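Here is a short tour of a protein model, written to be read with the structure open beside it. Take a moment to turn the model around before reading on.

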Amino acid sequence: MTPESPGSPVPENPPADLLAVLPRITQLSSAFNRGRLVERATEAAGLTLDRPAMGVLLTVRTADGPLRIGEIADRLQVVGPHVTRQVQALEKRGLVRRVGDPHDRRASLIEPTEAGTDAANRYVTSLLGWFAEALTDWSAQDRDHLARLLTRLADDVTARLARFEE
């Protein structure tokens with residue numbers, strides 16, 4: 001898969017403002033990976049979970065209610081079998097459980113256990129503490145703008161990439 005879609009030629013001289021964003025995205029990605037941010041937050045929370053398992057646990061923790069495997073996969077933008085393996089590992093550790101789907105007796109839903117909720121909360125607290133420290137000199141208005149623009153960027157990029165898969 002390439003970033004360009006049919007009928008959308010890559011401009012010879014891309015706009016300078018857009019071109020300036022790419023190195024910053026790469027810089028952030030590198031900083032997060034090099035700094036082992038996810039791993040450090042996981043360790044600080046007293047957990048021994050890898051990224052995919054942590055992603056599944058956070059997804060079910062932040063959901064409004066229990067989720068089907070397919071819903072978790074959609075939210076994480078991965079395939080169902082990947083989520084199934086992670087859910088099974090999290091179940092063995094007592095961090096998530098399956099509950100019956102009230103709308104379909106054949107299906108089950110995944111929700112965090114009390115231990116899973118506590119673990120996810122510790123992870124989020126650690127991660128948010130790190131970001132709060134990094135943004136300590138930012139005004140409330142700047143933090144609001146960052147949140148709004150990152151949400152918009154993530155949503156727009158995700159939607160555009162989803163169109164490639166259709």
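The report below goes from the overall layout to the core, the helix packing and a few single residues.

## Basis of the model

This is a predicted model, in which local features need pLDDT of at least 70 and side-chain atom pairs count only at pLDDT 80 or more, while totals for chains, interfaces and linings use all residues. Residues are numbered from 1 along each chain as its sequence is written, and side-chain values use heavy atoms, with hydrogens and water left out.

## Overall layout

The protein has 7 helices and 2 strands; these are DSSP runs numbered from the N terminus, with helices being H or I of at least four residues and strands E of at least two. Starting at the N terminus, the order of elements is α-α-α-α-α-β-β-α-α. Along the principal axes, the C-alpha atoms fill a box of roughly 55 × 45 × 30 Å.

Of the 166 residues, 24% are buried. Buried means under 20% relative accessible area, exposed over 50%, and partly exposed in between, using a 1.4 Å probe and protein chains only. Contacts are counted when heavy atoms lie within 4.5 Å. Among contacts between residues at least 6 apart in sequence, 53% join residues at least 24 apart.

## The nonpolar core

In soluble globular proteins, nonpolar side chains tend to be buried together. A nonpolar core here is a set of buried Ala, Val, Leu, Ile, Met, Phe, Trp, Tyr and Cys residues joined through side-chain atoms within 4.5 Å. The largest one has 26 residues, and Leu49, Leu57, Ile72, Val87, Leu90 and Tyr123 touch the most other members. Elements giving two or more residues to this core are α2, α3, α4 (69–76), α5 (80–92) and α6, and the largest share, 6 residues, comes from α3.

Leaving aside residues up to four places away in sequence, Leu57 touches Leu49, Leu90, Leu95, Val96, Gly116, Ala119 and Ala120.

## One side of α2

Which residues of helix α2 (residues 37–44) are buried? They are Leu37, Ala41 and Thr42. These three cover an arc of only 135° around the axis, so they sit on the same side of α2; the arc is that of the directions from the helix axis to the C-beta atoms. The buried residues of α2 pack against α1 (16–34), α3 (51–62) and α6 (114–134). After α2 comes Gly46, with a positive phi near 75°.

## How α3 packs

Helices α3 and α6 pack at an angle of about 105°, with their axes 10 Å apart. Axes are lines fitted to C-alpha atoms, for helices over the stretch in contact, and angles run from 0 to 180 degrees between N-to-C directions. The angle makes α3 roughly perpendicular to α6, a term for 65 to 115 degrees (under 35 is roughly parallel, over 145 roughly antiparallel, the rest oblique). Among the residues making this contact are Met54 and Arg61 of α3 and Tyr123 and Val124 of α6.

For α3 and α4, the angle is about 110° and the axes are 10 Å apart, and these helices are therefore roughly perpendicular to each other. Here Gly55, Val56, Thr59 and Val60 in α3 meet Ile72, Arg75 and Leu76 in α4.

## Two exposed residues

Gln77 lies in the loop between α4 and α5 and has a positive phi near 60°, in a residue other than glycine. Gln77 counts as exposed because its relative accessibility is 53%.

Thr62 belongs to helix α3 and, at 57% relative accessibility, also counts as exposed. Thr62 and Asn121 are 59 residues apart in sequence and 9.8 Å apart in space, C-alpha to C-alpha.
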